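Welcome! Let's take a walk through a protein fold together, one piece at a time.

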Amino acid sequence: MQEEELQDQNPEENQDQDSHHIKRVSGMYQDWFLDYASYVILERAVPSIYDGLKPVQRRLLHSLKDLDDGRYHKVANLIGHTMKYHPHGDASIGDALVQLGQKELLIDTQGNWGNVLTGDRAAAPRYIEARLSKFALDVVFSPKVTEWQASYDGRGKEPVNLPVKFPLLLAQGVEGIAVGLSTKVMPHNFIELIDASINVLKGKKATIFPDFLTGGIADFSQYNDGLRGGRIRVRAKISQLDTKTLVVTEIPFGTNTSSLIDSIIKANDKGKIKVKRIEDNTAENVEILIHLPAGLSPDKTIDALYAFTDCEVSISPLSCIIEDDKPIFIGVSEILKRSTENTLELLKQELEIQLGELQEQWHFASLEKIFIENRIYRDIEEAETWEAVIEAIDEGLKPHIKHLLRAVTEEDIVRLTEIRIKRISKFDSNKADDAISALEGKIEEVKHHLANLVDFAIEYFKNLKAKYKEGKERKTEIRTFDDIEATKVAIANTKLYVNRQEGFIGTSLRKDEFVCDCSDIDDIIIFREDGVMMVTKIDAKTFVGKNILHVAVFKKGDKRTIYNYIYRDGAQGFTYMKRFAVTSITRDKEYHLTQGNKDSKVLYFSANPNGEAEVVTVYLRALQRIKKLRFDLDFADLAVKGRGVKGNLVTKHPVKKIEMKEKGVSTLAARKIWFDDTVIRLNAEGRGELLGEFSAEDKILTVMQSGYYRLTSFDLSTHFDEDMIIIEKWDPEKPISAIYFDSEKERFYVKRFLVEDSDKKELFISEAKDSYLEVVSTDKIPIAELVFAKERNKEQRENQVVNLEEFISVKGMKAMGNQLTTHKLKQINLLDPIEPEEEVEVVQEEEETVEVVENNEEKTSVEVEENTVKEEPDTIEEEKKSSNNDSPGQTTLF
């Protein structure tokens with residue numbers, strides 16, 4: 001109708017519209033787009049719950065089975081054969097085949113199939129070959145229970161789903177992007193999946209986590225069963241080769257050595273990290289050497305690599321699969337459960353088919369025996385027609401077939417007529433009975449399996465594990481990560497400047513005062529003379545307020561940097577002092593550290609990174625009633641409180657100036673350090689095992705199973721070796737006792753030595769190849785139990801207990817030590833150590849002397865206090881008069 005109106009209004013364009021007929025596409029768009037989306041979802045991108053395969057993967061495996069003769073086939077030939085079933089281009093089929101081959105489960109490959117570690121592509125299809133693996137032949141195919149359908153052109157048959165008797169989807173993982181949805185199921189460990197399936201069959205709860213061929217370290221604490229909203233953090237495995245070299249030996253899933261190196265180079269170019277050079281020595285295993293500039297902390301660089309490069313990646317799983325031609329979202333636990341139930345059903349079908357076949361064999365073997373033993377074949381001698389032959393045999397069998405499992409059919413009789421004379425002449429009744437008995441035994445066995453189907457399935461999974469577990473151990477280490485704050489590990493790549501009078505800070509103020517080197521992601525803390533504090537993001541130039549007292553890089557959560565602060569309140573003119581730390585703030589918000597009154601002013605300020613408390617001298621303005629115009633204040637007498645407190649009153653009199661008299665020492669207690677073996681990191685929050693209280697010069701001792709020891713600082717960013725077996729606070733007077741095997745001497749040796757203070761990783765056992773550390777202890781009096789091996793034709797020697805302190809004295813770290821025994825040992829055990837007795841001497845006269853000294857000290861202290869009061873009676877008296885007006889909890893000093 002609208003077209004007609006349009007033509008009436010524009011008669012000149014009628015001819016053009018006839019040649020270009022207008023069609024409305026709204027209805028077509030709705031129908032065709034939905035059809036296309038459904039096709040892509042069902043036929044291209046998303047796997048089936050039943051066999052865990054996408055259509056292209058299923059057709060590839062079917063083609064491989066079609067061509068299977070035990071030998072390798074050219075991939076080009078396999079691609080062409082698969083195109084009989086898969087109506088798409090050869091490139092997509094070839095890529096799918098290479099991906100299957102690289103997963104090292106279903107396809108046995110030959111040639112250059114690429115490298116998932118380096119990202120190298122596979123060679124051209126004409127140069128590489130493939131065949132089905134033994135595992136695929138055992139688990140994936142079973143034609144008798146397979147449901148078939150016609151191929152796309154109707155010329156062949158293909159499986160609707162392959163009868164996979166294994167959680168293949170979870171073992172391989174899958175990733176696909178369809179129209180309107182996507183899927184990303186992570187690969188899981190082969191052995192763990194079998195164990196989990198067995199637990200499902202036993203009715204137990206099964207928990208599984210991904211495992212990646214590229215290895216690495218992963219945190220699955222937010223895995224969320226593989227559903228939407230979950231997150232996996234995967235890190236490269238980085239260790240310290242020496243003080244100037246890091247080595248990457250495993251990489252995160254989804255990366256390769258090329259992309260990883262590119263990300264490191266980009267971070268270096270942006271100034272986030274500092275790297276001297278990178279060497280990629282990857283071949284069969286990953287080996288990337290990262291050489292560091294001199295003076296750079298390897299531990300801090302490792303954290304920076306995790307923070308700024310692809311050495312740590314975050315993966316968002318999304319478990320979507322096809323069930324009954326519909327996409328559904330279920331977790332990996334539910335996928336495992338349904339896969340296990342599907343395996344159980346397939347095993348049941350196979351057993352039922354096997355039972356039917358065995359019963360058919362038994363049926364015909366029994367018929368054959370009846371037919372030959374009773375000479376029924378003679379009844380057909382006079383029969384003239386085929387129908388007469390069938391009828392004669394049928395009549396001859398009737399008296400003997402009551403024990404059979406089913407009725408005799410014409411097909412059975414036809415098979416009897418096909419028995420050769422030679423077989424009849426050599427028929428052995430005893431052998432026939434034995435064959436029938438063997439079949440009856442197999443039938444009973446299959447019936448037993450059907451009656452105990454769950455037990456049969458459990459045994460099936462155990463056999464799979466025993467047969468194929470080699471080389472399929474977990475490659476990805478499961479660990480809980482601590483969060484790395486980027487600002488703490490970022491390399492200082494810019495410089496901070498300040499214009500104190502005008503109130504500007506930034507990286508572009510090169511003509512003004514230099515403050516420090518910093519990172520371009522740091523936060524900056526500012527203290528102003530008017531008593532305002534604020535924290536802002538570093539930028540080229542930022543106005544933060546005039547008269548800046550202090551500017552520095554802000555460290556969130558820093559409880560050890562203490563600010564000593566004296567200010568004059570603008571309302572009353574009184575002077576207050578306080579000590580505080582700044583641990584958390586809202587960025588760009590102004591905080592009043594005074595009482596917020598107008599004309600308040602900071603009279604003294606100091607920032608102390610380790611909680612130092614100095615002594616300052618306060619000078620008062622000369623007034624008639626003030627007799628003493630100067631006095632000292634020690635910040636050590638003041639407790640550290642929150643930044644918002646009012647503070648302690650210093651004086652009510654006007655202050656002229658305040659000067660530092662004496663630098664202070666730290667008033668903070670030694671720092672308590674814990675070791676959390678879950679994340680293998682140090683912390684100060686009380687998680688894990690308490691290592692002790694650490695002062696500035698203290699160190700941590702770690703001993704490795706490889707026979708090395710190492711001394712490190714108690715920096716919370718320190719990384720530890722994976723084979724670490726001892727970690728404790730280092731005591732220089734405490735020896736290490738070790739028993740090790742020397743492969744050259746083929747004997748066990750004992751040594752005791754004091755740890756030498758060194759930044760290097762030191763080897764304390766023999767350097768000979770195949771030497772190893774048996775036991776090690778840092779106890780003062782360790783006890784070892786020797787379990788001797790049984791010698792031929794000799795009595796078993798009794799176990800011997802050895803006190804290692806008495807066995808050998810403390811010698812140098814390089815000493816070989818003493819031979820433990822000449823006899824062959826089966827085992828060495830460390831027993832509970834002997835606690836050394838503490839020597840206590842009691843001398844009566846000395847105790848009395850101590851008491852006198854203490855009393856004298858107490859008296860002296862009292863006298864000092866009294867003298868102090870007498871020195872300035874007027875000031876103290878005035879302060880006491882006004883103390884009733886002070887706020888609760890306020891302390892008056894002067």
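## A first word on the model

Please keep in mind that this is a predicted model.

## Helix 9 and its surroundings

Let's start with helix 9, which covers residues 190-201 and so contains 12 residues. From its first C-alpha to its last, helix 9 reaches 17 Å, close to the 16 Å expected at 1.5 Å a residue. At the start of the helix, a side-chain oxygen of Asn189 comes to within 3.1 Å of the backbone nitrogen of Ile191. Just after the helix, you will find Gly203, with a positive phi of about 80 degrees.

Which residues of helix 9 are buried? They are Phe190, Ile191, Leu193, Ile194, Ala196, Ser197, Ile198 and Leu201. In an α-helix there are 3.6 residues a turn, so residues three or four places apart point the same way.

The largest nonpolar core has 65 residues. Leu61, Leu106, Phe135, Phe166 and Leu464 have the most contacts inside this core. Helix 9 supplies seven residues, the largest share of the core.

Leaving aside neighbours within four places in sequence, Phe166 is in contact with Phe135, Val139, Ala171, Phe190, Ile194, Ser339, Thr343 and Leu464.

Next comes an open sheet of four strands, in the order 10-11-13-12, with antiparallel pairing. Why is one side of strand 10 and of strand 12 left without a neighbour in the sheet? Strand 10 (237-242) and strand 12 (277-280) stand at the edges and each has a single partner strand, so one side of each has no neighbour there. From one strand to the next, the twist averages 25 degrees.

Strand 10 pairs with strand 11 (residues 245-250) in the antiparallel sense, over five bridges. Within these strands, Gln240 stands opposite Leu246 of strand 11. Two helices pack on the sheet. Helix 10 (residues 257-269) touches strand 11, strand 12 and strand 13 (288-291), and its direction makes about 180 degrees with that of strand 12. Helix 11 (residues 298-308) touches strand 10, strand 11 and strand 13, and its direction makes about 155 degrees with that of strand 10.

Is Ser519 buried or exposed? This serine sits in the loop between strand 20 (513-518) and strand 21 (523-528). Ser519 has 2% relative accessibility, so it counts as buried, the cut-off being under 20%. Not counting residues up to four places away in sequence, Ser519 touches Ala490, Ile491, Ala492, Asn493, Thr494 and Ile538.

Now look at Glu104, in the loop between helix 6 (90-102) and strand 2 (107-110). Its phi is near 55 degrees, a positive value in a residue other than glycine. Glu104 counts as exposed because its relative accessibility is 56%, and exposed means over 50%. Asn793 lies in the loop between strand 44 (783-788) and strand 45 (800-803). The phi of Asn793 is near 60 degrees, again positive in a residue other than glycine. Asn793 is exposed, with a relative accessible area of 77%.

Definitions and conventions:
Residues numbered from 1 in each chain as written. Predicted model: local features only at pLDDT ≥ 70, side-chain atom pairs only at ≥ 80, totals over all residues. Heavy atoms only, no water. Expected span 1.5 Å × (residues − 1). Buried < 20%, exposed > 50% of the residue type's maximum accessible area, 1.4 Å probe, protein only. Polar contact = N/O pair within 3.5 Å; in protein donor to acceptor, adjacent residues only side chain to side chain. Pairing = 2+ DSSP bridges. Axes fitted to C-alpha atoms, helices over the stretch in contact; angles between N-to-C directions. Contact = heavy atoms within 4.5 Å. Core = buried A, V, L, I, M, F, W, Y, C linked by side-chain atoms within 4.5 Å.
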